[in-house]
Each structure stands twice: as C-alpha cells, then as structure tokens.
Amino acid sequence: MTASSTTATPADNPPATVAVVSLGCARNDVDSEELAARLERGGFRLVDEPADADAVLVNTCGFVEAAKKDSVDTLLAAAELPVTAAEVPRKVVAVGCLAERYGDELAAALPEADAVLGFDAYPDIAAKLRSVLAGARPAPHVPRDRRALLPLAPVDRAADIGAVVPGHAPADGAPDLPIGVAPASGPRVMRRRLGSGPMSPVKLASGCDRRCSFCAIPAFRGAFVSRRPAEVLTDVRWLAGQGVREVFLVSENTTSYGKDLGDLRLLEQLLPELAAVDGIDRVRVSYLQPAETRLGLLDVMSATPGVAAYFDLSFQHASALVLRRMRRFGDAERFLGLLHEVRSRAPMAGVRSNVIVGFPGETERDLEVLVDFLAAARLDATGVFGYSDEDGTEAERLDGHLDAAEVRARVEHVTALVDELVAQRAEERIGEDVAVLVESVEDGVIEGRAAHQGPEVDGSTVLEAGPGAGPATGDLVAAVVVGSQGADLVARVDGAATDAP
C-alpha cells in the first residue's frame with residue numbers, strides 16, 4: 001500500500017474538542033446541555049476548560065445590561081486565549097439569548113466572535129461548528145419576533161410547533177405516553193450533563209404570552225410552549241440515573257403550564273408523578289405568576305411528599321399603580337392574601353420574589369407601599385433590581401423616567417431593608433427541623449440547601465455533623481437549625497443521613 005493510499009486512523013484524526021460555557025439562568029443551563037448532547041452526538045469531544053478546546057461555544061444571556069456585559073466579556077476572554085495545542089486560533093461562537101436577540105448587530109460589534117448563531121441553528125449545531133472550524137464564517141443570525149412563529153391560540157401550538165424551541169428536544173424514540181406510564185425501553189434524552197451536582201434544572205416550558213411592559217423576553221424567546229408530561233418524566237428519570245436527587249422545574253411562567261396542551265391544571269397532576277420517580281428526593285418549582293397561582297396548585301405543592309414547600313412568586317412591586325404601568329395585576333393586599341394562603345397550608349414554607357425599584361412613574365408613596373409590603377411579607381429571599389430600559393419594550397417609551405442617581409438611591413434603600421428582613425426571617429428558623437440536600441463536602445465543611453432555599457440565590461445551610469463518617473454529597477439529611485447569618489443557616493445533623501422527610 002502506498003503512502004498516498006494510507007487510510008487515516010481515529011488516532012490520526014482525534015475528534016475536535018469544544019467547551020460549552022453557560023451564562024445566565026437555569027433555563028439557559030438546560031439549553032446548554034441540549035447543545036452539548038447535539039455536539040457530542042455530532043462527533044465532538046466535550047471538555048471543561050475553554051483553554052483546552054478547539055472551539056468555545058458561549059451560551060449568552062441577554063436579559064439585563066449586566067448580563068449582556070458579562071456575555072460580551074466572556075466571548076472576548078475566550079477569543080483572547082492562547083492558540084490551541086494544534087497551533088491554530090481557537091474558534092469562538094456565540095449562541096443563546098444575546099445572540100438571538102441582537103444577531104447581526106452583535107456580530108458587527110464583536111468581530112472577535114467567529115459566528116453568531118440563533119436558536120434556529122441548534123438542531124444542526126454540530127454541522128455549523130464543523131464549518132466554522134473549517135474556516136467558514138456563517139452569515140450572522142437576523143433577529144425576528146419569535147412570538148410570530150407559533151399560532152396565536154395556545155391550544156393550536158401543540159399540533160403545530162413551527163419553530164425551534166431550545167431545551168425541548170424530544171428523547172430519541174420516546175413514545176407519547178400518558179402520565180405514569182414508562183417507555184418499555186429507555187429512550188436517549190437529548191441532554192449531556194455539564195455538571196455533576198445532585199441538583200439539576202428541568203425545563204417545563206419555554207416562552208411567555210404575558211406582555212409585561214418592562215420585559216423583552218417574549219420577543220426573543222417566543223410564545224409559551226409546554227413540554228409534554230411524558231417528555232418531562234423521561235428527562236427526570238434520566239437525571240435520576242445520572243445521580244440527580246433534586247430537580248428544579250424551570251420556565252418563564254410555570255403557572256401557565258399545560259394551557260397549550262388543553263389542561264391548565266396539568267402541573268397539579270404531574271408533580272406527584274415527578275416526586276415518585278425512583279431516586280428523586282425533592283422536586284422544586286420555580287417562577288409562579290401571582291395572578292395565575294391557583295389554590296389547587298398550592299394544595300398540591302404543600303401536601304405532596306417530595307415536593308418542596310417553596311414558592312417563587314414574581315411580585316415585581318406592590319403598588320397597584322406601578323403594577324398597572326408594568327401591565328401586571330395585583331396589589332399589596334392581594335399579595336399578602338396569597339402569602340396567607342401559602343402559609344396556612346405550609347407554615348414554614350420558603351417564599352422568594354423579585355422587585356423592580358425606580359420604574360417610570362414610581363412615586364415616593366409607591367415606594368413606601370413596596371417597603372411596607374416587604375416588611376409584612378416576611379420573604380426568605382428577595383432580589384432587588386433597579387429599573388433600566390430594555391430595547392423594544394413598552395416601558396422604554398413611558399413618561400416619568402427617574403434620574404439614574406435616584407434609581408440607585410432607591411435600590412440601595414430597599415436592598416438594605418431586604419437584607420435586614422431576610423436575616424430576620426432566617427433567624428426565625430432557628431430551632432426548625434429541616435431536610436438539607438448536601439451539595440458539597442470540602443475541607444470538612446458540609447454545605448447544602450434546605451427545602452426553602454432555591455439554587456444559587458436563596459442562601460445555603462452548613463451542617464454540623466458529629467464524630468465519625470459524615471454525610472456525603474447527594475445525601476438528604478435531617479437536621480435542626482442552630483444558627484443563621486444573613487440568609488444562610490447553620491444546622492446540626494439530627495438522625496440518619498439518607499431518610500430525611
């Protein structure tokens with residue numbers, strides 16, 4: 001055989017490597033794991049560190065100004081890494097919300113990125129990345145209003161998904177089965193875990209049909225689309241097999257789940273099924289719209305074993321006047337009534353929320369209403385955001401914009417109050433029995449989260465264990481709270497490490 005006819009072996013042509021960097025929210029994390037699976041099945045080898053990769057795929061966030069800056073900085077940092085081991089420039093590709101929202105504008109402003117790809121490129125992401133590695137520079141994504149890609153009526157969407165919806169890729173060969181019926185053989189989920197912790201987000205739905213005046217998300221994420229219950233169950237079963245013990249159900253609006261599938265109470269049916277999956281100790285629900293939160297849903301979330309008594313309620317403000325300008329519903333009295341309904345069912349439930357301070361037209365009286373509400377609400381965690389204009393939103397055109405310095409001053413005032421209130425609420429939990437999911441054991445420090453503590457944003461719990469072998473990562477540990485600092489707790493292990501309620 002001549003040299004010219006020698007066939008290359010796999011060792012001669014090792015697979016190209018790619019690092020997936022995920023920014024922003026837990027919904028983006030799910031999308032990143034779908035992208036990782038598509039790349040791996042397309043012949044790429046996933047690596048953890050961008051410096052070790054032939055290509056870096058940055059799943060960007062485009063929600064608020066700080067997140068946009070972080071996305072751009074991450075892309076630039078990847079482009080500035082030294083050349084690859086093969087002495088060729090590393091390729092940098094932008095995907096995700098910033099790429100979808102700004103597309104060709106981002107590409108023109110950031111020539112360091114070798115490609116800017118929108119959501120429509122996700123099904124063919126491996127082929128797209130191979131072309132970039134071969135030297136091609138694909139035409140950048142041109143943004144459009146993704147709400148127009150699906151039928152206006154939610155019930156028409158289930159039969160006509162005429163758009164790519166990130167994080168909704170069905171499992172290979174997964175039959176459309178009713179709730180509670182498992183497939184005869186395990187279908188392969190279009191997902192590749194990028195972490196190894198005992199908690200994982202699971203996407204319930206994508207998009208939003210609400211028209212909050214300050215929010216641009218529906219325009220680039222599209223109209224509301226639920227994942228079918230069988231797909232969610234398949235995802236959760238697969239994650240349990242990967243060592244996940246807590247699943248975090250995420251969407252832009254969880255209380256709308258099922259409306260496009262013909263049953264607005266589908267979540268109430270699905271939660272017990274998810275909690276019964278073998279290996280799953282805790283199911284956590286995120287992002288409930290107060291105006292859509294049903295008493296029946298509160299009943300199921302409060303009484304179903306394995307479902308965390310955790311209520312992520314998106315209040316945004318408490319003044320009725322400000323909320324109407326936001327195109328939202330409710331007021332301080334209604335919100336306090338909803339909290340009463342929650343706590344009458346689960347007295348020690350965890351409740352978190354976000355508020356926007358300095359919205360156009362917000363008066364000092366409106367701010368007082370918000371402050372009084374927060375003092376009465378006794379929330380476990382509250383995110384405080386200063387208002388800033390988002391491109392293309394109705395609020396951008398409203399009158400009554402406050403000076404930036406005034407917005408900052410109001411944010412500082414409310415943040416200081418929230419820090420004090422959250423610390424008080426944590427202190428109230430001293431003496432409480434909690435079940436803590438251990439997430440890390442490092443240098444003798446055992447740290448995890450109780451049921452009222454959501455991932456990353458709601459504080460954590462450090463466990464004090466007695467002598468001998470202590471809890472391991474992934475254990476659900478019974479403990480009693482003995483101290484607090486801010487939103488964080490200290491708890492003493494009380495009983496077995498794996499049979500906590």
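The axes of helix H7 (residues 266-275) and helix H8 (residues 295-303) come within 9 Å and cross at roughly 5°, the axes being lines fitted to C-alpha atoms over the stretch in contact, with angles from 0 to 180 degrees between N-to-C directions. H7 and H8 are therefore roughly parallel to each other, a term for angles under 35 degrees. The model is predicted, with local features needing pLDDT of at least 70 and side-chain atom pairs pLDDT 80 or more, while totals for chains, interfaces and linings use all residues. Residues are numbered from 1 along each chain as its sequence is written, and side-chain values use heavy atoms, leaving out hydrogens and water.

| Helix | Residues in the contact |
|---|---|
| H7 (266-275) | Leu267, Glu268, Leu271, Pro272 |
| H8 (295-303) | Gly296, Leu297, Val300, Met301 |

By class, this contact of H7 with H8 has six nonpolar, one polar and one charged residues.

Helix H2 (residues 65-79) has 15 residues and spans 21 Å from its first C-alpha to its last, close to the 21 Å expected at 1.5 Å a residue. Its buried residues (under 20% relative accessible area, 1.4 Å probe, protein chains only) are Ala67, Lys68, Ser71, Thr74, Leu75 and Ala78. Seen down the axis of H2, these buried residues fall within an arc of 125°, so they line one face of the helix. They pack against strands S1 (17-22), S3 (55-60) and S4 (91-95) and against helix H3 (96-109). The face of H2 turned away from the buried side carries Ala66 and Lys69, which are exposed, that is, over 50%.

Conventions: Helices (H or I, at least four residues) and strands (E, at least two) are DSSP runs, numbered from the N terminus. The expected span of a helix is 1.5 Å times one less than its number of residues. The arc is that of the directions from the helix axis to the C-beta atoms. Contact means heavy atoms within 4.5 Å. Angles under 35 degrees count as roughly parallel, over 145 as roughly antiparallel, 65 to 115 as roughly perpendicular and the rest as oblique. Ala, Val, Leu, Ile, Met, Phe, Trp, Tyr, Cys and Pro count as nonpolar, Asp, Glu, Lys and Arg as charged, and the others, Gly among them, as polar.
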